[in-house]
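I've opened a new structure and want to get my bearings. Here are my notes, in the order I looked things up.

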Amino acid sequence: MTHHLSRADARRIAVRAQLLDRRRPTDAREVVRHLAMLQVDPTAAVAPNADLVLWSRLGSAYERADLQRALAEHTLIEVLAVIRPAEDIALYRADMIARVGRDGPTQEWVTANDACRRDILARLEAGGPMLSRDLPDTCAVPWGSTGWTNNRNVTMMLDCMTARGEVAVAGRTGRQRLWDLADRVYPDVPVVPAEDARRIRDERRLRSLGIARARTTQSPVEAWDVGEAGEEAVVDGVKGTWRVDPTLLGQPFTGRAALLSPFDRLVHDRTRAVELFDFEYLLEMYKPAAKRRWGYFALPILYQDRLVGKLDATADRKAGVFRVHALHQDVPFSATMMTAVDAELADLADWLGLDLAR
């Protein structure tokens with residue numbers, strides 16, 4: 001069966017699936033379980049991405065200590081710059097095990113530095129958790145890169161060992177990751193076979209996205225496509241077929257205003273954002289200031305089932321103010337829209353503990 005959806009239908013399914021309709025959730029851990037993941041990104045022009053995503057859903061009732069407590073208790077875990085429910089590690093273990101014997105340049109580098117890998121394991125077993133700076137670099141072959149990772153041997157070895165399921169992030173000291181043996185961090189749950197795990201991951205991803213392509217451009221952080229999960233759908237005026245979560249079809253929708261992180265999953269797939277929302281967006285923090293259209297870390301603005309603009313703002317913590325530099329309206333804001341966006345602005349400033357400066 002193929003479902004025929006209007007673009008408004010598709011947008012509302014996406015917004016509701018991302019917990020951005022008027023029915024706000026109340027528990028941070030349950031939000032993460034539903035969304036399946038939170039991307040970890042150190043940029044904090046407003047707030048770190050994980051916190052900003054949770055605030056967008058929970059509002060000022062969200063306390064950042066809630067996330068830190070869940071990570072410290074290992075009910076949520078950080079795996080390769082993504083926060084996931086701890087029990088979901090069962091869905092990645094088979095791929096981690098397979099990676100140990102996989103050929104390729106990265107595996108060759110790890111093999112060439114096996115003495116360093118074993119030294120890290122021994123030191124963590126004896127004295128973990130430890131910061132990477134407390135682990136000596138005993139690599140015989142340096143990690144080669146044209147980017148920032150060049151010769152960052154311990155950091156890259158720890159990431160490779162994480163991908164192999166040998167070590168894990170046990171917590172953080174500020175922005176620095178604390179490392180320990182994976183068996184001390186991850187829950188002792190049965191490994192789900194690889195094919196079953198991929199199917200379950202696709203199903204959970206579709207539950208959190210609502211509507212997605214079966215296959216699309218791959219993302220290095222988290223896939224945007226969902227394979228054969230859900231049911232087939234077509235969207236009026238959009239080429240190709242989609243997969244939709246059938247449990248979200250035909251449900252009533254009541255929207256609200258929301259300010260989103262640039263890494264929010266509602267907008268992270270930029271092609272889908274254009275196709276369903278007519279929303280053009282580019283994160284411009286890497287552009288020279290003179291070439292930015294919307295700002296260093298502009299926040300997408302959601303109103304009801306439309307993405308309607310971008311907020312250029314920064315948290316000036318030294319001055320104690322949340323500075324609004326510009327509010328870019330993709331469509332003219334009505335008085336009702338402006339009132340709703342203003343309320344979210346005030347709530348965000350209050351949550352940040354800063355005075356609002358427009």
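I started just past helix 4, where His 74 has a positive phi of about 65°. Helices (H or I, at least four residues) and strands (E, at least two) are DSSP runs, counted from the N terminus. I'm working with a predicted model, where local features need pLDDT of at least 70, side-chain atom pairs count only at pLDDT 80 or more, and totals for chains, interfaces and linings use all residues. Residues are numbered from 1 along each chain as its sequence is written, and side-chain values use heavy atoms, leaving out hydrogens and water.

Next I asked which residues of helix 4 (residues 64-72) are buried. I found Leu 67, Ala 70 and Leu 71; buried means under 20% relative accessible area (1.4 Å probe, protein chains only). These residues sit on the same side of helix 4 because they cover an arc of only 100° around the axis, taken from the directions from the helix axis to the C-beta atoms. Their cover includes helix 2 (28-35), helix 3 (49-58) and strand 6 (167-173).

Then I looked up Leu 348. Beyond its neighbours within four places in sequence, Leu 348 is in contact (heavy atoms within 4.5 Å) with Val 46, Leu 52, Trp 55, Leu 259, Leu 299 and Phe 322.

Last, I checked an open sheet of five strands, which has the order 11-12-13-14-15 and mixed pairing; strands pair if DSSP finds at least two bridges between them. Strand 11 (257-259) and strand 15 (355-357) are at the edges with a single partner strand each, so one side of each has no neighbour in the sheet. Strand 12 (residues 299-303) runs antiparallel to strand 13 (residues 306-316), joined by five bridges. Ile 301 is opposite Gly 309 in strand 13.

How values were computed. Buried means under 20% relative accessible area, exposed over 50%, partly exposed in between (1.4 Å probe, protein chains only).
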